[in-house]
Amino acid sequence: MKTHLFTVLAAMSLSACNPDRGPEYTTPAEFGEVTVSPQTMAFDSEVRVKVSVSCPYGLRNVCILYMLDGDESDVRTEPPADVTSFDYEGVIPRQRAGRKVTFRIRAITAYNVPSYTQLREYTVPDEEEEESEQPI
């Protein structure tokens, strides 16, 4: 009996040391179409970004990463969402006229696999430039 118990424990220990990880450690989150509103940027408006995000192994965090005038130290994130699929909505606050805003959505799965949408950018127009209406 002791030999049988020892054999079972040894087999369990060896299987726990398996260096091959499952797909949950390499599968990134998937994004739907990113929608931005307003479609035409105004100097005094915030920007709402919406996207559906999913991962069969769970999501730990989804956020907007944005840079102002290329300054990566000025990155803001939204609170985490602990679900496998949901429609994310985040807000980039109003910025001063003339500022260039670059952003993308980042999702981190429950197994720490990051994924990103493509970068998008816009420049906040001046009051006078608003008539030309620059789309995002």
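These questions and answers cover salt bridges and a surface patch in a predicted model.

Residues are numbered from 1 along each chain as its sequence is written. Local features need pLDDT of at least 70 and side-chain atom pairs pLDDT 80 or more, while totals for chains, interfaces and linings use all residues, and side-chain values use heavy atoms, without hydrogens and water.

Visitor: How many salt bridges does a search of the whole structure find?
Guide: A salt bridge is a side-chain nitrogen of Lys or Arg within 4 Å of a carboxyl oxygen of Asp or Glu. By that criterion, the number found in the whole structure is five.

Visitor: How far apart in sequence are the parts tied together by aspartate 69 and arginine 96?
Guide: The closest N and O atoms of this salt bridge are 3.6 Å apart. Aspartate 69 lies in the loop between strand 4 and strand 5 (85-92), and arginine 96 in the loop between strand 5 and strand 6 (100-109); strands are DSSP runs (E, at least two residues), numbered from the N terminus. The pair therefore ties together parts separated by 27 residues.

Visitor: Is arginine 96 buried or exposed?
Guide: Buried means under 20% relative accessible area, exposed over 50%, and partly exposed in between (1.4 Å probe, protein chains only). Aspartate 69, at 39%, is partly exposed. Arginine 96 has 52% relative accessibility, so this residue counts as exposed.

Visitor: Which residues make the nonpolar surface patch of about 260 Å²?
Guide: Patch residues have over 30% relative accessible area and no salt bridge, with like charges joined within 9 Å and nonpolar side chains (Val, Leu, Ile, Met, Phe, Trp, Tyr) within 5 Å. Tyrosine 57 is at 31%. The patch is made by Tyr25, Tyr57 and Tyr111.

How values were computed
Accessible areas come from the Shrake-Rupley method with a 1.4 Å probe; for residues, only the protein chains shown count as cover. Helices (H or I, at least four residues) and strands (E, at least two) are DSSP runs, numbered from the N terminus.
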